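Subject: Structure for you to look at

Hi,

Here is the structure I promised you, along with some notes on what turned up in it. Have a look at it first, then read on.

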Amino acid sequence: MLVDRFGRLHTDLRVSLTDKCNLRCAYCMPAEGLAWLPRQEVLTDDEVVRAVGVAVGLGVREVRLTGGEPLIRPGLVGIVRRLAKLTPRPHLSMTTNGIGLAVLAAELAAAGLDRINVSLDTLDRERFLALTRRDRLADVLAGLTAAASSGLAPVKVNAVLMRGLNDVEAPALLDFCLHRGYQLRFIEQMPLDAQHAWDRTQMVTAEEILDRLTATHTLTPNEGRGSSPAETWLVDGGPARVGVIASVTRPFCAACDRLRLTADGQVRNCLFAREESDLRELLRAGASESELAERLRSAVAGKRAGHGIDDPTFLQPARPMSAIGG
Ligand code: SAM
Ligand code: SF4
């Protein structure tokens, strides 16, 4: 089992399938993009499946595919199909910007994908263009519809609010999701942008988000967060809920059960970790199952108690969110 020094059991693995993306969200990437990983450094399909298989053998039960943009990974459907055949079969989900999902949703569901999170920060075309630097809102909306009709339920929507850009849209995003039966979760912006432009004083906090939502809806705290990063509230008495992932103002590190594998095969025990453990090197050197398992175990063992964003010595990780796998 993957247990750290603080007794936290790790059952949730986030797997980045690529560091590339077809959007340039302001809180994530610069307009010109990034220096992408050389192709030979990215894990092959076989390597991804083998690494996840070892993690599943160590108690991982939830596998979330992410990136970069996972939908642009060649061979994605095949990877999902193979992961769904692992024993015990992990629960398979994906976080995506939704572009291309209209075409792939049914195929992904048939391959074994169980659930999907689509990122959507605005319903306004101009604002979408300003925020992501691409005119692709219609593709995302089509992707959401396809996901819901393909049975990738419940469809979850992730939204990041930026002051002066889309923060006024919180209630509109909630209404959009309520009407369609999507579960909306707001994520506080974290210091994980490639540009290192994050400014705590500018961040839209969970408290502000809740203030905006309560102007138009009644929110009742929903107990029982478990290891989920989202605190949830019943909307207008329920059963619909809205979540807020307040990684900065209300950290949930004490209950963290997550581990990450980057597209180039590095194990990270935290989004904010400053060290990585090289699994790719072992995979390519013909390592045995137990050698791979040992590297995963020691990566988890070295996890720190918390992300330390509030610590004066905090340093933003060298890799941005898109390269780590959000
Ligand atoms: N491209 C996919 C997407 O956007 O859903 C998957 C990767 S993206 C890095 C995963 C999630 O991280 C998205 O919901 C995105 O909004 C969020 N994200 C990216 N940068 C962030 C930041 N600096 N703070 C908080 N969330 C961030
Ligand atoms: Fe791409 Fe996702 Fe980053 Fe936006 S948040 S630039 S969609 S990786």
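In which loop does Pro154 lie? Please keep in mind that this is a predicted model. Pro154 belongs to the loop between helix 5 and strand 5, and a cis peptide bond, with omega about -5°, joins Ala153 to this proline. There is another such bond between Gly238 and Pro239, where omega is about 5°. Pro239 sits in the loop between strand 8 (231-235) and strand 9 (241-245).

That loop between strand 8 and strand 9 also holds Asp236, whose phi is positive, near 50°. Asp236 is partly exposed, at 44% relative accessibility. His196, in the loop between strand 6 (183-187) and helix 7 (206-214), is not a glycine either and has a positive phi of about 55°. His196 is partly exposed too, with a relative accessible area of 43%. As background, most residues other than glycine have a negative phi, and most peptide bonds are trans.

Now to the ligands. Among the 17 residues around ligand 1, those that come nearest are Tyr27, Gly68, Glu69, Ser119 and Met190. By class, this shell has six nonpolar, nine polar and two charged residues.

- Ser119 places a polar side-chain atom 2.6 Å from an oxygen atom of the ligand.
- Thr96 has a backbone N or O atom 3.2 Å from a ligand oxygen.
- Asn158 has a polar side-chain atom 3.3 Å from a ligand oxygen.

On its own, ligand 1 has 540 Å² of accessible area, and the protein covers 96% of that. Strand 3 (91-96) and strand 5 (156-160) are the elements that give two or more residues to the shell.

Around ligand 2 you will find Cys21, Leu23, Cys25, Tyr27, Cys28, Gly68 and Asn97. This shell divides into five nonpolar residues, two polar and no charged.

Finally, helix 4 (residues 125-132). Which of its residues are buried? They are Phe128, Leu131 and Thr132. These residues lie on the same side of helix 4, because they cover an arc of only 80° around the axis. Helix 5 (137-149) is included in what covers them. At the start of helix 4, a side-chain oxygen of Asp124 reaches to within 3.1 Å of the backbone nitrogen of Glu126. After the helix comes Arg133, with a positive phi near 60°.

Best wishes

Technical notes. Residues numbered from 1 in each chain as written. Chains lettered and ligands numbered in written order. Predicted model: local features only at pLDDT ≥ 70, side-chain atom pairs only at ≥ 80, totals over all residues. Heavy atoms only, no water. Buried < 20%, exposed > 50% of the residue type's maximum accessible area, 1.4 Å probe, protein only. Helix = DSSP H or I, 4+ residues; strand = E, 2+ residues; numbered from the N terminus. Arc of directions from axis to C-beta. Contact = heavy atoms within 4.5 Å. Polar contact = N/O pair within 3.5 Å; in protein donor to acceptor, adjacent residues only side chain to side chain. Near = heavy atom within 4 Å. Nonpolar A, V, L, I, M, F, W, Y, C, P; charged D, E, K, R; others polar. Areas by Shrake-Rupley, 256 points an atom, 1.4 Å probe, with all protein chains shown as cover.
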